[in-house]
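Subject: Handing over a structure

Dear colleague,

I am passing the structure below on to you, together with an account of what was found in it. Please look through the sequence and the 3D view first, and then read the notes that follow.

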Amino acid sequence: MSTIAVRKSFLSTVWEYLTTVDHKKIAHLYLGAGGFFFLLGGLEALFIRIQLMKPQNNFVNEQLFNELMTMHGTTMIFLAAMPLLFAYMNAVVPLQIGARDVAFPFLNALGFWLFFWGGIFLNLSWFLGGAPDAGWTSYASLSLASEGHGIDFYTLGIQISGFGTLMSGINFLATIITMRAPGMSFMRMPLFTWTTFIASSLILMAFPPLTISVFYLIFDRLFNSAIFDVTLGGNTIIWEHFFWIFGHPEVYILILPAFGIFSEIIPTFSRKRLFGYSSMVFATILIGFLGFMVWAHHMFTTGLGNVANAIFAVATMAIAVPTGIKIFNWLLTMWGGSIKITVPMIWALGFIPSFVMGGVTGVMQGIAPLDYQLHDTYFIVAHFHYVIIGGVVFAIFAAAHFYWPKMFGKMLSEKLGYVTFAFFFVGFHMTFFVQHFLGLMGMPRRVATFLPGQGLDLYNFISSLGAILMTIGVIVLLVNIVITSMSKQQVANDPWGDGRTIEWALPSPPPYYNFKQLPLVRGQDTWWLEKMEGNKELPPAEPLQDIHMPKGSILPFFIALGLFIAGFGAMYNPLNQVGDGHPMGTVVLIFGLAMTFGTMLLRSLRDDLGYYIPKEELEDDDAKGGKVS
Amino acid sequence: MNLLEQKFTPETWPEHPETYTQEGKNKFIGFWLFLAGETVLFASLFATYLALKDSVPNSDHALAADIYSLELVFIMTAILLTSSLTSVYAIYHMRNYNFKQMQLWFFITVLLGLSFLALEIYEFTHYVYEYSFTFGSSAFSSAYYTLVGTHGAHVCFGLGWITALIIRNQKRGLNLYNAPKYYVASLYWHFIDLVWVFIFSVVYLMGMLG
Amino acid sequence: MKKWGLYLSLLIFALILTACGEPYLSTLKPAGEVAERQFNLLLLSTGVMTLVIVVVVIIYVIVLIRFRRKKGEEDKIPEQVEGSHKLEIIWTIIPIILILILAVPTVAETFNLGDVSERDKVDKDGNRENLVINVRASLYWWEFEYPDQGIVTSQDLVVPTDEKIYFNLIASDVKHAFWIPAIGGKIDTNTDNENSFYLVFDGEKADEAGNIFYGKCAELCGPSHAYMDFKVKAVPRAEFDEWVVAMQNFEEPEPQTAVAQQGKEIFENSCIGCHAVSAENSMPAEARIAPNLADFGNRTRVAGILPYTKENIKEWIQNPGDIKPGNLMYDSANFSEEELDALAEYLMSLKAQE
């Protein structure tokens, strides 16, 4: 193979990914980009912990600390956790429901590119005058007072990537409603599909308030409006309400898919069907519903009044009930099973106690009068890291090992997987367990440093050591991924041997059309059912016929790029409050918007009728053993 | 061979062309979901407006009752409601495979939408020049312009969308590829109309009556 | 790996036993009625939650011991249990009961602690019965106004022990939060509206803590958020009354030394535009743009954080931007060493009481 040929194939791979509308390839994109941002956010976390290793440390200055802390939170929530979960949803959900693709493949690609360009936009702030510094919550009085363009990078970046998230949410909802294979009724859907469905409906309901409040902040900072300007009658509490009307469901948008992932892994490696499937489904729905009723528990100290505080306190505690149902259902799934310890399973086993810890401290903070003490201290920092790392990140790591063979046709090394788990698990508890006590001992959160003589030195030091262990764990995972990618293995359809759902009946990775013939679903745990009856494949629901496929397109890339460009135009428009505006800013803004809407128009004018894979070609594939060239 | 490009006659044309194909069904469901999101979006705007509608920096600044003119708003409402009705006619003709009539009624819808937009622009400039009621003059004005302006932007987008559909399909007529597109565009138009009904009552009527 | 975990948990346990934090700072050593009630809620909820954790861990351990796949069982297919209504009802009902146990005191305490109806209660002469303090938070400093006593002070809050003190709180630039961990939970100082709550300082506990409690800003407010501390002097009522009288009668003392005299002149040229040196509350809040320096000679800290020494005062006057970045005084000044000495001496002489 000559170098030219290699380069050519490299370029064509890049082009393939730029134009792809295939959910499996988009999953790769989400995994890659989300993984990149995860490392970035992790690095920021490490710097935070180094700075707080000892009192009055000078590793970073106060301003930089605030920027690191803000970017850590924003990156991890918007650019790492959600996209990584989207990666697995894209990779798995269409397969689990027996569909050839999502309902809107074009929109799927557009959602990714919006997220991607939004994330790049946000992170360019590091090179263009400083990152946002008002925390991921960006409370209005501070974010209006913040100098420079940091906050503008935050608002515009969040807005662009938020549009992408909203589209992906709608897409998954429509996919799950309309694209299920014959026989796949709602109450036969795997739990990961169910949680994706509920999380997507939360996205649909929670992101618009964020969009609006972020627009207000954009307008206030860049176009002179006065929604949050107290001197002109504005009100900053409006931001707090909207942010948390979005922010609290956001937590469930993250944790529900994580629950789904564990609800797949635990039955698989216990070789037993999920205990209490229907109550699991209803608990998921209930959590999603209650998730919208509790936002003001983030604002107990804002001064909303006793009645509001009492109502939101009780509503918050109520969420513990469906969550508890889930925990016990998982335990009872394992009870009486035949538990095989694998890397995904060990993450699931680590998840249960860790998440219970995070859950109970959540209830404690729901007790409003107690929360007056806990709010905005390191106790809350400990709590949400227990929930988000112990729940979401553990799920992301578990799913990485669990679905890697399905996504890439190769198994990640078990040995290195255990090493990662050991370092990360121990490091995680070391970092965050002591933080509960730091908070109780009087350490507020988001402090750039702390003074000696307050009894806070030792626990901060322990916490920072834990962060280093977590870093080692992540590095081992990276090594694992590199080694695995270079190996030449090719795994079978059901590499874990105990797969239960439809995706494990397909080749790893599946052909680009997923199903030659759409499967007939005869019950819950579809593939397990067929295996138990001795069948080697799923029964088809249709005769072999031509398959209609969507065409790839570069347009999503340019629609998103247009908004990226428009973002810069808005930021440097002549009205901006920083005072460095330029008439060219307006021109760039118009150009960017024209690019976006023009590309959309182009998409609308040019028919996209897709293409057909002829029957003969599919039969030909059959002769080659189902593999796609 | 491709179902999407197949030619129909009024007799073979399906009763619900918008949901006849899988793509159409997806569009139909997906668009309703999108409208659910839009509803939450406008609900947020309304909530802010209600919270800030009396928030002005000093007593010199205009309040709702000082500036709104019900006559103008009433005409705007009538125009937009009528445009909703004309888009219903258009969809009626689409169902009957009467392409020319459908195009005509959509065209009338666009004309009505344009006149609504013109009146809205007049209204805004009037406020700015007569009352110094600008985007940044108070929290009230900001909330007002964001709410009504977002609606106006939706009208703009809807007009562009329907116009593009009319022009693009002028030569080739109806098929199962563009029928769902016309249908969701009309759904969108109804939604805009519905939002305006709320703006009319919550912003203007309540503003006038205090 | 297992031993590691054991050692680690032993170590953690030992750490928990040995440290509850400092009495002047920690919520785990409550020194007032409000903190006490909140601490009791902490104990109650921790108890309930420990129960939950214990139950989960017991089931978890049993599962892991009994149901691991053993050698020779590689092909065993366990029974596929669908669920159990009885069990599912049990683990729905029990958590509901536990939550009710928590919900009752939660609601009760929310209304107890949020009760400020007595704040403006007056006796028959029309004087307020309780002490009311208006707190104003500004970028990196705190102002405490005693409206009924007609005095203003900053950075050091002086309060009488063993009585309810009502606070009205607001911020003048961005949002902050007022928090004295050992005394009670925090409340935000909003830019939009005033919040109110009450606190009680326990006399005995105050003695144990050396009569000084640490107060903090708990809401991110900018680069120097971590340095926006204040101190609370909790003294018996009689002592407090003396302090009030001294403050009310505070007159700027005639400089005793030539150096102090020089300092006074510099101060009147450079500082007085922003800093008042009279405790009398004569200006509106908007005009009080910098900390009031009356009684500066009795401050516990310089700028709320540094030990009270002449060197630190000089350092603060010369380079405040290094100590509290982003503060609104100035970044740095270029006073000569002599001028700094004079200013520091003058400021240290400002005492309402000896």
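Helices, in what follows, are DSSP runs of H or I with at least four residues, and strands are DSSP runs of E with at least two, both numbered from the N terminus. Please keep in mind throughout that this is a predicted model.

To begin with chain A, its secondary structure amounts to 20 helices and 2 strands. Its radius of gyration is 25 Å, close to the 25 Å that the globule rule gives for 629 residues, and chain A is therefore as compact as a globular protein of that length. Taken along the principal axes, the box filled by its C-alpha atoms is roughly 70 × 60 × 55 Å. Of the 629 residues in chain A, 66% are buried, and among the contacts in this chain with a separation of 6 or more, 82% are between residues 24 or more positions apart.

Chain B meets chain A in a contact to which chain B gives 32 residues and chain A gives 33 residues. On the side of chain B that touches chain A, the elements giving two or more residues are α1 (22-52) and α5 (139-169) of chain B, and the largest share, 15 residues, comes from α1(B). Sorted by class, that side of chain B has 18 nonpolar, 11 polar and 3 charged residues.

For chain B there is also a record to mention: an unreviewed UniProt entry lists residues 29-208 of chain B as "domain: Heme-copper oxidase subunit III family profile". In the model, this span is 82% helix and 0% strand, and the C-alpha atoms at its ends lie 39 Å apart.

Chain C, finally, has an open sheet of 5 strands in the order β4-β10-β9-β6-β7, with mixed pairing. Because β4 (156-160) and β7 (184-189) of chain C stand at the edges, each with a single partner strand, one side of each is left without a neighbour in the sheet. From one strand to the next, the twist averages 25°. The strands β4(C) and β10 (residues 230-235) of chain C run parallel and are joined by 5 bridges, and C:Val159 stands opposite C:Ala234 in β10(C). Helix α5 (residues 237-248) of chain C packs on the sheet, where it touches β4 and β10 of chain C, and its direction makes about 130° with that of β4(C).

With kind regards

Notes:
Residues numbered from 1 in each chain as written. Chains lettered and ligands numbered in written order. Predicted model: local features only at pLDDT ≥ 70, side-chain atom pairs only at ≥ 80, totals over all residues. Pairing = 2+ DSSP bridges. Axes fitted to C-alpha atoms, helices over the stretch in contact; angles between N-to-C directions. Contact = placed C-beta atoms within 7 Å. Rg over C-alpha atoms; globule rule 2.2 N^0.38 Å. Buried ≥ 20, exposed ≤ 12 C-beta atoms within 10 Å, placed from the backbone. Nonpolar A, V, L, I, M, F, W, Y, C, P; charged D, E, K, R; others polar. UniProt positions renumbered as here; feature names shortened; annotations may be inferred.
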